[in-house]
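I opened this notebook to record what I looked up in the structure. The entries follow the order in which I worked.

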Amino acid sequence: MSKLHVRLLAAVLTAVGLALCYYKVEILGLPLLPTEQAEVWTVEARIEFKARRDTAVKVQFAIPRAPRGYTVLDENFVASDYGLTTDDNGLRRQARWAIRETHGWQVLYYRIHLAKDPAAEASPPPTGVVMPVEPQSLPEPLQAAARGLLNEVRSKSADNVTFAQALLQRLNAADADSNVSLLRQDITGPDDWARRIVAILREADVSARPVYLAILKDNASRGSLTPWVEVFDGDSWVDLNPSSGETGLPGDAIVWTVGSEPLLEITGGKNGRVEYSVRRHSQEMTQIAEQRARKMGSRIMEFSLFSLPVKTQNVYRVLLLVPIGAFLIVFLRNVVGLQTFGTFMPILIAAAFRETQLLWGVAMFCLLVALGLLLRFYLESLKLLLVPRLAAVLIIVILLMAMVSVMTYKLGLDRGVSVALFPMVIMAMTIERMSMVWEEFGPVEALKQGFGSLAVAVLGYLSMSSDYLGHLVFVFPELLLVVLALTLLLGRYTGYRLLELWRFRGALKG
Amino acid sequence: MKAGGWKDRMFPWRRLRRLGILGMNERNADFVLPYNPRSLYQLVDDKRRTKALAIELGIPVPRLYAVVEIEHQIEDLSRLLAPYGEFVVKPSHGSGGEGILVVESRSDGRYRRCSGLVLTEEDLGHHISNILSGMYSLGGIPDCALIEYRVNFDPLFTEVSYLGVPDIRIVVFRGVPVMAMIRAPTRLSDGKANLHQGAVGVGVDMITGRTYNGIWRERRIEEHPDTGGELAGICVPHWDDILTMAARCNDMVGMGYIGVDIVLDRDLGPLMLELNARPGLSIQLATRTGLLPRLRYLEGLREIPRDVPERVALAKTVANRF
């Protein structure tokens, strides 16, 4: 009856643990492996202008909405003393800085950190937002040239997109006819060119708009945005390369802003200039996923261990490994049948090994226990009562630890200092228990159990120092429910222990 | 045993299972935990209470001479021990025969242990003081020391014991004795009767009370390793009395799964020494029989007779069947 109960409970715990873990991996994108790294792009816009004396300054700067294919990890606005607001009309997002009084050269920064994420969609514009209608901007002589060109192109196209592509081919062709030459004539840069194309397309009643792209290229500094053209095909906006007519965005690019309104508007200042720089670095997937999950407003991440202060997080990084060690002990004792001094003593020793490093830990553990045992045997001849004797052993252990620390430090072995991290009460108890076993059952048994405990501690250390396990239990603490379920199941394990097969070998021979 | 063949060799636990060997996990989970309520443990763990209960029910036990409860009483030790030439000092909460000190004789304030060691009164006092401070009790809780009658074991066993008292361990389940062995001390076990400390275990036939098989350090042996005495073929006297006594011990403490330790005194016959709430793993090696079939059979019985002789009869039937 209770066996069924335990099994059901274990099944429920396992299901809950695995389901939570699955959700975190699949939906929130937390990585199962600790080493997974992702590229993070940092794009920085540096705005510079000269403020006029004795007037309020307002700066309006277009900034990206959530770009397609990327996750915004973080955004920073750096401007001392300026007040900052941002607004988003569904198409354009803008940062507004304002200050009542300032003078001289001003520098403002906007920084955005992006991680590649194929699943991320561009945030859709809210419904009901009317696309701003921009005024016709082609001057009279150009209008005629444009109409001539448009009439030629229209016959060779099926819809808005192919029409725009055909037009762009004509406009960019090497052998320009007179119309095209006229339209190209006064163009000074790619920005002008994109605006000119949009204007020509509007002339043909094709919905078009310029967009500005930030090309993600590592170590690009003092760069500018790349203008691009978008044409509405009836359902959605299609991106076109203004200098070739190809559809789509270039690889590794994000849409910075849309529309022909100016990127930067400054009132109360002059000589405004923006420079963009791009940097790439890699960051742990875990952090990225965690930041992203928080942006998504996930309740689970809100209450995850990541929400704790870093110092506390580090404590839990160790604490959450203790269940793994405890499970190891359960396994080694109930399934293998090993005997150790004290149930969880090896785990506490293993936790200390994490700080001291394995070899040093084992060496110092042996040294301490050996010295402790020697002194304990001496104490035996004094015929002391139990509790004072234990206290005496404890005092001696602490003195020995201090001595080992000082000696190794003087010898220039810094690691030796970490002996102070051994749990001294546990050490004192171990020495006491070991000396009792030594007297009762002889040195062989005592050394056997002593080395048994040490071996379990080393195994515990190896499992507890695994980066992979550490990552799993910290990022997915719900997996400990699975460990709990396994522990409960082992609590009702009635099969033989491995060492019993040896113990009953006589019966097996018979 | 042919059936199984290579599978048994590959997976030794299948073979153990078929032999009905009870493992430690199964014993704890299926017999100790359900049949021995935690609240009754104190009756078994505290030898002083066990003894008192036994006396109440008229089960013979070694006579208790004195109890040392506080340090102060140690000063009066010589006066306390004056009337007794030989005695045993043991911790009330001891386990595994630890802390037991047997004094064989004494002369002018010196005590002679059965091992030949001579103790001064101070040594003896220190030993008792260790017992009081909980050195031999589980978890180091303060304890008291019992001073009691030293058993003169039946001469039948002289040939098979070395420095110590051999005892008879009987596993009793639901009031029915299921298996028995004799535990004989050796030089290795230092007079103690625990198999894992190096004592010899000898299987006893439940029906006739005859010994038939010896093991020492988990190996089969024919003769006692120190004395050379033949282990098989000893006929334990008062066998039915012993079984009856074991069955009654169950009623005394109300636990369903216990081990009863009985000694045979030359003059007083069988005496109950102590009870154990977690018996029965090595006994299977000594008797070359698995406990499981007998335990499972008894577990399946709807009702166990209340009458003690009927239970002893049932014990023999069960032993005969499995």
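**Entry 1**

I note here that the model is a predicted one. I then placed A:K50, which belongs to strand β1 of chain A, residues 37-51.

**Entry 2: an open sheet in chain B**

I next traced a sheet in chain B. Its six strands follow the order β1-β6-β2-β3-β4-β5, the sheet is open, and the pairing is antiparallel. I marked β1 (64-68) and β5 (118-119) of chain B as the edge strands, since each pairs on one side only. I recalled that strands of a sheet pair through backbone hydrogen bonds, either parallel or antiparallel.

Strand β2 (residues 87-91) and strand β3 (residues 101-107) of chain B run antiparallel and are joined by three bridges. Which residue of β3(B) stands opposite B:F87? I found B:V103 there.

**Entry 3: two residues with positive phi**

I looked up backbone angles in loops of chain B. B:L163 is not a glycine, yet its phi is positive, about 50°. I located B:L163 in the loop between β6 (145-148) and β7 (167-173) of chain B. Its relative accessible area is 34%, so B:L163 is partly exposed.

B:H238 also has a positive phi, near 55°, and is a residue other than glycine. I located B:H238 in the loop between β11 (219-221) and α8 (239-253) of chain B. With 40% relative accessibility, B:H238 counts as partly exposed.

**Entry 4: a buried strand**

Why is strand β12 of chain B described as largely enclosed by the rest of the structure? I found that nine of the nine residues of β12, residues 257-265, are buried, and therefore the description holds. In a regular strand the side chains alternate between the two faces of the sheet. In β12(B), B:Y257, B:G259, B:D261, B:V263 and B:D265 point one way, while B:I258, B:V260, B:I262 and B:L264 point the other way; all are buried.

I then listed the partners of this strand. β7(B) and β12(B) run antiparallel and share six bridges; B:I168 has B:I262 as its bridge partner in β12(B). Seven bridges join β12(B) to strand β13 (residues 269-276) of chain B, again antiparallel. I recorded B:G269 in β13(B) as the bridge partner of B:D265. β12(B) and β13(B) form a hairpin, with three residues between them.

Terms used: Residues are numbered from 1 along each chain as its sequence is written. Chains are lettered from A and ligands numbered from 1 in the order in which they are written. This is a predicted model: local features need pLDDT of at least 70, side-chain atom pairs count only at pLDDT 80 or more; totals for chains, interfaces and linings use all residues. Side-chain values use heavy atoms; hydrogens and water are left out. Helices (H or I, at least four residues) and strands (E, at least two) are DSSP runs, numbered from the N terminus. Two strands pair if DSSP finds at least two bridges between them. Buried means under 20% relative accessible area, exposed over 50%, partly exposed in between (1.4 Å probe, protein chains only).
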